[in-house]
Amino acid sequence: MEIRALRRGDDRSTFRSGDIELDRYFQKYAGQNQYKHFVGTTYVAVEADVVLGFATVAPGELEIQCLPVADRRGLPDYPLPVLRLARLAVDSPIQGQGLGGRLLRFVLRLAVQTAHDYGCVGVVVDAKPSATSFYERFGFAPLDAVEGASDARPTPTPMFLSMESIRGAMDKSQGKTERRLGE
């Protein structure tokens, strides 16, 4: 299996995660957001030209007051750069086999590279209520939401994982192929 950036020719038509909104986004909007609007990049897990899962990331910023108190130490008091995990989904037939965690670990490695290249204090995800426990297993902590609530859909829980935590987990696992973030 390979995880790579979405290509224009990738067949997205048969992908079904069980979440209509995620499926619609992936099938209709992921390509134009990446190739036309340049507002995010979608990475796909592919095996034998079949897309098994995807994660979409975009740059973002976060006010320091939104961070958990422990993560504020030493940071400047102005908007902080973050990598935003906009969407993550796995095709229904292979859900529960660890691909979601593998895609998330890929995103965390992207955050480390982003921190090195441009600056990034961590990863933010607006987790659906059914996904908060998944992100908590990786060390994400809830943030204080300032805006973004909607009566039209369940309120997501904004969650944050600091670069310090990501690097610490990666440092512990280096050289050990069995140990990975979230496991």
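Q: What is the order of the elements along the protein chain, from the N terminus on?
A: In this predicted model, the order reads β-α-β-β-β-α-β-α-β-β-α. That gives the protein chain 4 helices and 7 strands.

Q: What makes S17 count as buried?
A: Its relative accessibility is 10%. Buried means under 20%, so S17 qualifies. S17 sits in the loop between β1 (2-5) and α1 (20-35). Setting aside residues up to four places away in sequence, S17 touches L22, D23, A89, V90, D91, S92 and Q95.

Q: Why is the pairing of the S17 side chain with the backbone nitrogen of D19 called a polar contact?
A: The S17 side chain reaches that nitrogen at 3.1 Å.

Q: How far apart are S162 and V123 in sequence and in space?
A: They are 39 residues apart in sequence, and 6.5 Å apart from C-alpha to C-alpha.

Q: What makes F134 a buried residue?
A: F134 has a relative accessible area of 17%. Buried means under 20%, so F134 is counted as buried. F134 is found in helix α3. Beyond its neighbours within four places in sequence, F134 is in contact with G100, G101 and L104.

Q: How does the reach of helix α2 compare with the expected span?
A: Helix α2 (residues 99-117) has 19 residues and reaches 27 Å from its first C-alpha to its last. The expected span at 1.5 Å a residue is 27 Å, and the reach is close to that. After α2 comes G119, with a positive phi near 110 degrees.

Q: Which residues of α2 are buried?
A: They are L99, G100, G101, L103, L104, R105, F106, V107, L108, L110, A111 and A115.

Q: Which members of the largest nonpolar core touch the most other members?
A: Of its 34 residues, these are L83, L85, L104, V123, Y135, F140 and I166. Elements giving two or more residues to this core include β4 (80-90), α2 and β5 (122-127). The largest share, 9 residues, comes from α2. In soluble globular proteins, nonpolar side chains tend to be buried together.

Q: What does L104 touch?
A: Not counting residues up to four places away in sequence, L104 touches L85, L88, F134, Y135, F138 and F140.

Q: How much of the protein chain counts as buried?
A: Of its 183 residues, 43% count as buried. The accessible surface comes to about 10500 Å², and 49% of it belongs to carbon and sulfur atoms.

Q: Where is the pLDDT below 50?
A: The protein chain averages a pLDDT of 89, and 88% of the residues score at least 70. Over residues 175-180, though, the pLDDT is below 50, and this stretch has 4 contacts in the model beyond near neighbours in sequence.

Notes
Residues numbered from 1 in each chain as written. Predicted model: local features only at pLDDT ≥ 70, side-chain atom pairs only at ≥ 80, totals over all residues. Heavy atoms only, no water. Expected span 1.5 Å × (residues − 1). Buried < 20%, exposed > 50% of the residue type's maximum accessible area, 1.4 Å probe, protein only. Core = buried A, V, L, I, M, F, W, Y, C linked by side-chain atoms within 4.5 Å. Contact = heavy atoms within 4.5 Å. Areas by Shrake-Rupley, 256 points an atom, 1.4 Å probe, with all protein chains shown as cover. pLDDT = per-residue confidence, 0-100. Polar contact = N/O pair within 3.5 Å; in protein donor to acceptor, adjacent residues only side chain to side chain.
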